[in-house]
Amino acid sequence: MATPVRVRFAPSPTGYLHIGGLRTALYGWLFARRFQGTFLLRIEDTDRTRYVEGAIENLYRSLVACGISPDEGVVVENGAIINRGDKGPYLQSERKEIHLHYAQEMIEKDVAYYCFCSAERLDEVRAQQQLLKQPVMYDRHCRHLTQDEAKKRVSDGETHVIRLKVPVEGSIKMQDLIRGGIEIAWSQVDDQVLIKSDGFPTYHLAATCDDHDMEISHVIRGDEWVSSLPKHLFIYQAMGWTAPEFAHLPLLLNADRSKLSKRQGDVAVDDYLNKGYLPEALINFVALLGWNPTADREVFTKEELATLFDITKVNKGGAVFNVEKLDWLNTQYIKALPVDDYLARLRQGGFMPEGIMHERAARMIQERLVKLSDAVEVIRETVECSDYPATMLVWKKSTQEEAVMRLQATRVYLAGKDESWFGNLGAMEEQTRAWIVEKGWGNGDTLWPMRVALSGREKSPGPFELLFVTGKDEGLVRLDAALQKMA
RNA sequence: GGCUCCAUCGUCUAACGGUUAGGACAGCGGCUUUUCAAGCCGUUAACAGGGGUUCGACUCCCCUUGGAGCUACCA
């Protein structure tokens, strides 16, 4: 590839990073990595009415947490939003003058015009068109004003916008990396507003000019933009610029196949991270929504994905965000975590109370966690011995007498062991099983009462895991309590 | 309403004219087993419908149906 690959992720600072945004960003990142290109972050904040305080920081933090931080563009350092790179500024609101300049240039080239129509008039036109079931678009009332007249009204201070003067006839054939060819008739394309009456640009002008100025080689964005592609292409052509390549990503869907939205589950990346989904798992999962590198593998690091990524193989249809598969993936990732890393993440997420028993419990449950936040409850259940009826101590195929007898023997057996013996799960289990065999007992009639005595629960981790967690002293205390219950 | 796009198991997907349509999640069954979870093994389940093109269509074309997006001085 001759020109360097430069891809941007350009969200609006209207809240948190949406899961769909994460995938868009990820595909951009993967694409950039695949071709040793640059991944940059631009903030599209031209709509001042929708700006949310702190949103940029949140967006950035989420990207970094997922390991796809930008190489260039807007970055947050020590809490401050700064521009990194020589194609800035990367905050669109700081480019207002540049956009205005381009818009005026377009007026000179006669591919844009001033429009003085009031919001009321526009509403009326729209209502009328809807009533007649006609295509709803601007009626081009001001398109035929002479430039001199229009300029005079502008200099007289009349409020105005600048609109794109798109062709009225023929059609445009466009190429999309994912969809292939798309053709749209110009009769279907509106004279879109480029500069709003407040002087700020709309997305169409700002994104197009900025992509050009920032030398973006590939525009990777959501599906919702395909229908405005003609306008963007027209701007490139009118300005004499070389257009980048485009790739429009299919949408992420709710279970009912509607556009992924709040309501049916969380949509903010933060929500998932806070619940203890590992960023690696989230990335892996989201990458596979709409694309798959092989026929027989599911678990990939993002570096592996980057070497395999082929944007032309991305699916055209939308993909349902299926949390169950995310859960499974997350379990895989948690299990694969080195213990220290695992414990550190539990602490960091506030999912593990301090205390030796809690830490031991955390080690024991690593395999059974779906997400880190589940640890809170599972640790508690593993550490605490809840109250229970004496009858629970009796195994289904056994009797109370036998349970008492086994528990007594077990107590004596365990009392004879060193504290350190309880720290080696493997040996503990092996030796105890051998001891049971030696006694001629059954696993069920011995281990069941032991496990219930240690946990107070019908369902719990195994007796050896529990002993590992309680240690010698607490273990004996619980056995005594059980014996007491049956006395 | 108009325009554009999309369509393989319930879900995510593989297939790039010739396969018994493959994998994964979920489900179901079994093994293991002191319970639960995990694990292991097995299994149910799909080419939306109709026309073409072709010796041969999941793959190409058309129509129908269904779905989605857009249709703002929001992005």
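Two strands pair if DSSP finds at least two bridges between them. Strands (E, at least two residues) and helices (H or I, at least four) are DSSP runs, numbered from the N terminus.

This is a predicted model: local features need pLDDT of at least 70, side-chain atom pairs count only at pLDDT 80 or more, and totals for chains, interfaces and linings use all residues. Residues are numbered from 1 along each chain as its sequence is written, while chains are lettered from A and ligands numbered from 1 in the order in which they are written.

**Stop 1: a sheet.** Select β5, β6 and β9. They form an open sheet in the order β5-β6-β9, with antiparallel pairing. β5 (112-115) and β9 (193-195) are the edge strands; each has a single partner, so one side of each lacks a neighbour in the sheet.

Now zoom in on β6 (161-164). Two bridges join β6 to β9. Which residue in β9 is the bridge partner of Arg163? Val193 is.

**Stop 2: a helix.** Helix α3 lies across β5, β6 and β9, at about 105° to β5.

**Stop 3: the RNA.** Show RNA strand B. Around it are 65 residues (near means a C-beta atom, placed from the backbone, within 6 Å). Glu44, Lys259, Gly317, Ala319 and Asn443 are the closest. Next, colour α17 (443-455). Helix α17 gives the largest share of this surface, five residues. Other elements supplying at least two residues include α4 (119-131) and α11 (323-336).

Methods
Two residues are in contact if their C-beta atoms, placed from the backbone, lie within 7 Å. Axes are lines fitted to C-alpha atoms, for helices over the stretch in contact, and angles run from 0 to 180 degrees between N-to-C directions.
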